[in-house]
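Subject: Structure handover

Hello,

Here is the structure to look through. My notes follow below it.

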Amino acid sequence: MTASLIEGRNVSKVYATATAPLVALSDVSFGIEEGEFVSLVGPSGCGKSTLLSILGGLEERTDGTLVLDGKHHDAPRADIGMMFQTSVLFPWRTVRENVLLPGIILGLERKQQEARCAELLSMVGLDGFGERYPSELSGGMRQRVGLARLLAHDPRVLLMDEPFGALDEFTRETMNIELLRIWERTRKTVIFVTHNIGEAVFLSDRVFVMTPRPGRLEGIVEIDLPRPRRTDVMRDPRYAELVFEIRGMLGVDH
Amino acid sequence: MTIADTAPAASAAVPRALDGAISRFVDAESRRMRRKRLTNRVLATSFGLFVLLVWHVATEAGFVHKLIIPSPIDTFWATGRVMSAAYFWPNVSVTLQEIFWGFLFGLSSGAILGISVAMFEPVRATIYPYLVALQAPPKIVLAPIFITWFGFDQASKIAIAVVMSFFPMFLNTLTGMTSVDPNAVKLMRSLTAGRWKTFRYLLLPNALPIMMAGVKLCWTLAVLGVIVGEFVGASAGIGYLIYAMNFQLDIAGVFSLIILLSLFTLFVYQFIEWLESRIVFWKQL
Ligand SMILES: Nc1ncnc2c1ncn2[C@@H]1O[C@H](COP(=O)(O)OP(=O)(O)O)[C@@H](O)[C@H]1O
Ligand SMILES: [Mg+2]
């Protein structure tokens, strides 16, 4: 077996709290290949965000090893991008300035970044919105800007923590289709957190199913639906089977 | 979700007939807004005139003795008399300098310490408990001691103004620096931003709206500190003049000074609000 891009071995995380220590992650082991789309699903509190923070080098592990590209990984890196449930746009910066922020912080060449910014805004369907401020945009449009900013410095790995979780159902679906389209073009490694099983199946190559107390990786489900995927894949009987398999693993159907 | 979510360019597709109806509606709406603003202004002005009238009648008709409350006209003439007196501008200059330095030092020390306490753990550990303890008692009790320590001249007034205006600026800066979206901090860290870039691109702009509210409090308290200081012990300044005229029962003179001081404070306050609307423009969007 060739080494994966990201490999976790017995990753554990214990938070010290005022009362008892809280085991947020217990012995999580996995490998993620370059260019793969992986979703983490599970109920609230099963450690999805914690695992994502550890993958981003933002949170220390209590135990276990984490290797990225053959090297130990425990600090933030410019080639890993993060996106959250809220867009976290800076209200004092225009849409364009928000998308330029990663390049400014990383000291990338300005002209190139400007060109890339225009390209990205057009890719997420926000042509002509560059000089608007975030407060002038709807929630869906803000997440589109967030998506453009995520891609601005061309990171290799995208860590997305319920990025569309706060959007209404219609917007969420549009955003999923768009994300898939972008991923098919760029083939970045994506780790996508959601508690929406259907969304996970629709998007992913593999779904990591997690359960709480303590946070564990219950199992990994290979999503063998054909690509490129369009929404009609949801009519595929295999789609329903996979959704039900994951529901079963999460114990939703008892 | 807006239309633009699914079709960003769809807004141009409004049929022409509807377009006319919409613009008529917008016109009517803005006319209504203008009328409402006018009504509000008329109400406020009439109330002010009414108070002036009551004041005038009560004093000129002798319901209240003129020695206790001078009439509006007396106050008006007194203002002219005071402003053209030889002693007026030197005293104004003394007070303005005290206010300027008190405000400047209070503002900058509050902002700098607020930022330091928020950014540097050792600074926080060392001085934060003391600043919290000192924040509660009224700073005005220090006025007599400061006169003793720093003398009758400007230094003691500046010191009182600094002590009074420091705390709101310090606390507002600290609050602004620490009330930040944890995900925004995570984002900056994920971009490998260090302490300085996080401060420059996130923490400082994020703190500015609350800091500007602090600046306004700081201004009001700096003026208060200086005037109180001049009441307690001074040989020059507006506070000193008010105190002296009150002693000589020149109440009209006192009134005129109070009005001039209020107008000046208000003017600067409005200037700060204008600055605020420029600096934290995104709050008005
Ligand atoms: N900074 C923290 N301090 C203490 N406990 C935490 C912290 N962050 C998360 N937890 C706890 O760890 C568990 C997992 O949290 P999280 O990773 O956010 O779960 P999820 O994202 O799956 O909802 C939860 O029980 C949560 O309360
Ligand atoms: Mg979470």
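A salt bridge here is a side-chain nitrogen of Lys or Arg within 4 Å of a carboxyl oxygen of Asp or Glu. By this rule there are 24 salt bridges over all chains.

Before the details, some ground rules. This is a predicted model, where local features need pLDDT of at least 70, side-chain atom pairs count only at pLDDT 80 or more, and totals for chains, interfaces and linings use all residues. Residues are numbered from 1 along each chain as its sequence is written, chains are lettered from A and ligands numbered from 1 in the order in which they are written, and side-chain values use heavy atoms, with hydrogens and water left out.

One salt bridge to look at
Glu36(A) pairs with Arg206(A), and their closest N and O atoms are 2.4 Å apart. Glu36(A) sits in the loop between E2 and strand E3 (37–41) of chain A, and Arg206(A) in strand E9 (residues 206–211) of chain A, so the pair ties together parts that are 170 residues apart in sequence. Helices (H or I, at least four residues) and strands (E, at least two) are DSSP runs, numbered from the N terminus.

The interface
How many residues of chain B are in contact with chain A? There are 25, and they meet 33 residues of chain A. Contact means heavy atoms within 4.5 Å. The two chains bury about 2,600 Å² between them, 67% of it on carbon and sulfur atoms. Buried area is the accessible area (1.4 Å probe) that two parts lose on being put together, summed over both.

On the side of chain B that touches chain A, helix H1 (3–6), helix H8 (182–190) and helix H9 (195–232) of chain B each supply at least two residues. H8(B) gives the most, with seven residues. By class, that side has 14 nonpolar, six polar and five charged residues. Ala, Val, Leu, Ile, Met, Phe, Trp, Tyr, Cys and Pro count as nonpolar, Asp, Glu, Lys and Arg as charged, and the others, Gly among them, as polar.

Ligand 1
The residues around ligand 1 (a heavy atom within 4 Å) include Tyr15(A), Leu22(A), Pro43(A), Lys48(A) and Thr50(A). The shell has five nonpolar, five polar and one charged residues. H1(A) gives the most to it, with three residues.

Alone, ligand 1 exposes 560 Å², and the protein buries 62% of that. These areas come from the Shrake-Rupley method with a 1.4 Å probe; for residues, only the protein chains shown count as cover.

Backbone points in chain A
- The peptide bond from Arg213(A) to Pro214(A) is cis, with omega near -10 degrees. Pro214(A) is in the loop between E9 and strand E10 (216–222).
- Arg227(A) and Pro228(A) are joined by a cis peptide bond, with omega about -5 degrees. Pro228(A) is in the loop between E10 and helix H7 (237–250).
- Asp154(A) is not a glycine, yet has a positive phi of about 50 degrees.

Best wishes
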